[in-house]
Amino acid sequence: MSRILAFDYGTRRIGIAVTDPLQIIATGLTTIHPKDIVDFLKKYLETEQVELFVVGEPKQMDGTASQSMPHVKGFMTILKKAFPGIPIEKMDERFTSKMASATIAQSGLKKADRQSKELIDTISATIILQSWMEKRSYGAL
């Protein structure tokens, strides 16, 4: 089987998470600057099979698109052009940053490590991917 990659897009950093080949476990992979994402993914795809991209969809509390949605749509356009053979699905990303921060706070890491924006973005991507996987397993996709 192949992997699924999830992205928590930000204009400064993109958190990336990945499944194992059996698509059972979601794991944080890395954080990349948006200008480097296509090169990173090209290199990654040389050694790993990826069947799907899951992109966090930023929404307001009422379910409407947030002000960062145009940036996410632009990112998705870049993914479609660079990797036309890999489908893209969106996943609601509300509360992922807060959930990531709470997870980090409970982790026992040193304060300086807990405040790492890169770590928050990577864990947010992992939460997005895990949520997508749970939704899929319950047949809600």
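Colleague: In which helix does Thr 122 lie?

Modeller: Thr 122 is part of helix H5, which spans residues 117–137; helices here are DSSP runs of H or I with at least four residues, strands are runs of E with at least two, and both are numbered from the N terminus. This is a predicted model, in which local features need pLDDT of at least 70 and side-chain atom pairs count only at pLDDT 80 or more, while totals for chains, interfaces and linings use all residues. Residues are numbered from 1 along each chain as its sequence is written, and side-chain values use heavy atoms, with hydrogens and water left out.

Colleague: Why does Thr 122 count as buried?

Modeller: The relative accessibility of Thr 122 is 12%, and buried means under 20% relative accessible area, exposed over 50% and partly exposed in between, with a 1.4 Å probe and protein chains only; Thr 122 therefore counts as buried.

Colleague: What makes the pairing of the side chains of Thr 122 and Thr 31 a polar contact?

Modeller: The two side chains are 2.6 Å apart at that contact, and a polar contact is a pair of N or O atoms within 3.5 Å (within protein, one must be able to donate a hydrogen and the other to accept it, and residues adjacent in sequence count only if both atoms are side-chain atoms). Leaving aside residues up to four places away in sequence, Thr 122 also touches others, including Gly 15, Ile 16 and Gly 28, where contact means heavy atoms within 4.5 Å.

Colleague: Which residue forms a salt bridge with Asp 121, and how do you know that it is one?

Modeller: The partner is Arg 13, with the closest N and O atoms 2.6 Å apart; since a salt bridge is a side-chain nitrogen of Lys or Arg within 4 Å of a carboxyl oxygen of Asp or Glu, the pair qualifies. Asp 121 lies in helix H5 and Arg 13 in the loop between S1 and S2, so the bridge ties together parts that are 108 residues apart in sequence. Asp 121 is buried at 11%, whereas Arg 13, at 22%, counts as partly exposed.

Colleague: How many salt bridges does a search of the whole structure find?

Modeller: The search finds four. Another of them joins Glu 57 and Lys 90 at 3.8 Å, N to O. Glu 57 belongs to strand S4 and Lys 90 to strand S5 (residues 88–92), so this pair ties together parts 33 residues apart in sequence. Glu 57 is buried, with a relative accessible area of 16%, and Lys 90 is partly exposed at 43%.

Colleague: What does Glu 48 form with Arg 3?

Modeller: Glu 48 and Arg 3 form a salt bridge, their closest N and O atoms being 2.8 Å apart. Glu 48 sits in the loop between H1 and S4 and Arg 3 in strand S1, so parts that are 45 residues apart in sequence are tied together. Arg 3 is buried at 17%, while Glu 48 is partly exposed at 27%. A polar atom of the Arg 3 side chain also lies 2.9 Å from the backbone oxygen of Thr 19.

Colleague: What puts the buried residues of H1 on the same side of that helix?

Modeller: In H1 (residues 37–47), the buried residues are Ile 37, Val 38, Leu 41 and Tyr 44. They cover an arc of only 125 degrees around the axis, which puts them on the same side of H1; the arc is that of the directions from the helix axis to the C-beta atoms. Asp 39, Lys 43, Glu 46 and Thr 47 are exposed on the other side of H1. The buried residues of H1 pack against strand S1 (3–9), S2, S3, strand S4 (50–57) and helix H2 (69–82).

Colleague: Why is Ile 24 called exposed?

Modeller: Its relative accessible area is 55%, and the cut-off is passed, so Ile 24 is exposed. Ile 24 is found in the loop between strand S2 (14–19) and strand S3 (26–32).

Colleague: Which residues make the nonpolar surface patch of about 460 Å²?

Modeller: Met 1, Leu 22, Ile 24 and Ile 25 make the patch. Patches are made of residues with over 30% relative accessible area and no salt bridge, like charges being joined within 9 Å and nonpolar side chains (Val, Leu, Ile, Met, Phe, Trp, Tyr) within 5 Å. The areas come from the Shrake-Rupley method with a 1.4 Å probe, and for residues only the protein chains shown count as cover.
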